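Here is a short report on one protein chain. Please look over the sequence and the fold, then read on.

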Amino acid sequence: MCTFYLYHLLTLSPPYPHIPNPHPLNPHQQDSGDSDDSSNWDSDSSSDSSSDDSDAADGTSELKGRARWLKRTTVVTEKVTKDKQGRSEERKKAKEEAAKLKAQQDAEAKEKGQLKEEDLTPSLVQKKSLEIVSSRGRKGSDPKVLLGQLEALSKLAVKFGPRVEIPVLMHVITAQFDMQRTIDDYMETPMWRSCASYIERIGEILNNGEGWRIDTPSAEDEELASDMMMSAMAGGKSSKSKKMKANMAGVDAMSAMATMSTDEKLINPNTGEVETEDQRMERLREEREAKMSPEELKTVRVPGSLSLFLSRLDEEYNKSLQRISPHSIDYVVRLRDEVKLVELLAAFQCYYERLGGVADAAMLAELRVEHLYYRHDSIVMQVKEATAAAADAAAPTEVVDMANKIADICTYIYQHGSDRQKTRAMLCHIYHHAIHDRFLEARDLLLMSHLQETIPVTGDISTMILFNRTMVTLGLAAFRLGKIWDAHQCLSDICSGRARELLAQGVSTGRFNDKTPDQEKAEKRRYVLFVCLCI
């Protein structure tokens, strides 16, 4: 009963209970009104949803205020179909045209930079070489292209004699060494052999008996070279700047144009005729050479040092052997170049001895002995026989006493070398005695030189490594001769630990190895060559 009363109370109550209903209806009429109201609400909701859908379709649902009811223009966009095949053909044609244009520009530049042999003069060759050298290191310059130009120019300079040929060859050698950008890069074998051939060509000129020599440039030569380089780079830029200054001083426009269009005329003071800049340079060169003495004519003043070139060539050879696997055939092929290197060192040592340059001669002698001290006499004979067979030489090979040869080279270093060179020469001498089981001679040299006291304070790691290897070789020589106590004295310090690191045969590895990557790279650069190892 209570439930029925609560139901009728809820259904007959007006929407707002605080407002009295002025027109009460019976229950039947009330139910029909409720149904009408529900139908009206349904229609209203449907119309609202339809209007919302239409607004969303028109894009006006996001608009607010007055902009919602403004008239908009409908833009009809048509879908454009892309012609992919046509576009690919156009790109292909554009690439072909760009390649043709680049090839044409390269051909024009090559033709422009190429010198005709009939128009060549010594001064023009020098000017061209300085122009190429001045472009080295610039942005956009290719080192390989510049090297090719210098090599081509060196072939053209042969007919003008050593005074023109040697400076170009020196520039070629410098450009070849500049191809290695980082400290870990090494010169490839073909380029190394090419560089060695250029140095050999310079050695043939200097040692042909005509008295040619190389010296550093004087102040006058450097000033002349700088003037030639500036003229090659600027191409008359200084004269044009002077004309521009004159124009800015108050010359009218027409006279300024006339001044810029006309070139300065060079007059030969001897003949009074007009001459070009190249002719003027050639005339000045001939006048300078006419004033020189015969000794000055035989002196070629060029920047650079041949002893440093040979030292760098030796360094590149050692680096290549460190990078190449010793178990490959490339390593064996690379070892053949050591004969050429030793011959170059011997030839230029004789050249510096003839000129009295004892410091450079001692440096080359030290490099030379470092390529000979680890060779046994049996290996030396086999190398000479193989070299003679490769050269198809019918003459018998000459027997050379390597002990006397090493002693002579080391004696020259003891007399004229620096302290470091003397120390390394002494260690090489002791090492050579030890591998031939001459223990007593090696021990006497070691005790007389007091190297055990001076080596720890030298601070040169490579010399310390050479000392360790010499002591191990001396200990092995004593062991082969049955001198066990002497062998123990020589080997005890090295065999106590870290033998690979002390002998530069590898990097020590362990649990507590705290070396940085830079330190490991430095140790790898100090590796002893495989051919030098006898232990």
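## Strand 1 and R213

At 27% relative accessibility, R213 counts as partly exposed. Buried means under 20% relative accessible area, exposed over 50%, and partly exposed in between, with a 1.4 Å probe and protein chains only. R213 sits in strand 1. Helices (H or I, at least four residues) and strands (E, at least two) are DSSP runs, numbered from the N terminus.

Leaving aside neighbours within four places in sequence, R213 is in contact with L206, E295, K298, T299, V300, Y351 and L355. Contact means heavy atoms within 4.5 Å. R213 and L355 are 142 residues apart along the chain, yet 8.2 Å separates their C-alpha atoms.

## Basis of the model

This is a predicted model, in which local features need pLDDT of at least 70 and side-chain atom pairs count only at pLDDT 80 or more, while totals for chains, interfaces and linings use all residues. Residues are numbered from 1 along each chain as its sequence is written, and side-chain values use heavy atoms, with hydrogens and water left out.

## The chain overall

The protein chain has 25 helices and four strands. Of its 535 residues, 30% are buried. Among contacts with a separation of 6 or more, 66% join residues 24 or more positions apart.

S218 and R301 lie 83 residues apart in sequence and 7.6 Å apart in space, C-alpha to C-alpha. S218 is in the loop between strand 1 (213-215) and helix 8 (219-234). With 29% relative accessibility, S218 is partly exposed.

## The nonpolar core

Which residues touch the most other members of the largest nonpolar core? They are L206, L306, L313 and F348, in a core of 85 residues. Helix 6 (residues 162-177) supplies the largest share of this core, nine residues. A nonpolar core is a set of buried Ala, Val, Leu, Ile, Met, Phe, Trp, Tyr and Cys residues joined through side-chain atoms within 4.5 Å.

L306 shows how these positions connect. Not counting residues up to four places away in sequence, L306 touches M170, I202, L206, I214, F348 and Y352.

## Helix 7

Helix 7 (residues 189-206) has 18 residues, which at 1.5 Å a residue should span 26 Å. Its end C-alpha atoms are 26 Å apart, which agrees. The expected span is 1.5 Å times one less than the number of residues.

The buried residues of helix 7 are W192, C195, A196, Y198, I199, I202, G203, I205 and L206. They pack against helix 5 (143-156), helix 6, strand 1, helix 13 (306-323), helix 14 (329-335) and helix 15 (337-355).

## Helix 4 against helix 6

Helix 4 (residues 122-134) and helix 6 pack at an angle of about 10 degrees, with their axes 10 Å apart. That makes helix 4 roughly parallel to helix 6. Axes are lines fitted to C-alpha atoms, for helices over the stretch in contact, and angles run from 0 to 180 degrees between N-to-C directions. Angles under 35 degrees count as roughly parallel, over 145 as roughly antiparallel, 65 to 115 as roughly perpendicular, and the rest as oblique.

From helix 4, P122, V125, Q126, S129, L130 and V133 meet R163, V164, V168 and H171 of helix 6. By class, this contact has six nonpolar, three polar and one charged residues. Here Ala, Val, Leu, Ile, Met, Phe, Trp, Tyr, Cys and Pro count as nonpolar, Asp, Glu, Lys and Arg as charged, and the others, Gly among them, as polar.

Is H171 buried or exposed? H171 is buried, with a relative accessible area of 14%. Not counting residues up to four places away in sequence, H171 touches S129, L130, V133 and L150.

Helix 19 (residues 419-435) has 17 residues and should span 24 Å at 1.5 Å a residue; its end C-alpha atoms are 25 Å apart, which agrees. Of those 17 residues, 14 are buried, so helix 19 is largely enclosed by the rest of the structure.

Just after helix 19, D437 takes a positive phi of about 60 degrees. D437 is in the loop between helix 19 and helix 20 (439-449). D437 is partly exposed, with a relative accessible area of 31%.

H450 also has a positive phi, about 55 degrees, although it is not a glycine. H450 lies in the loop between helix 20 and helix 21 (451-454). Its relative accessible area is 43%, so H450 is partly exposed.
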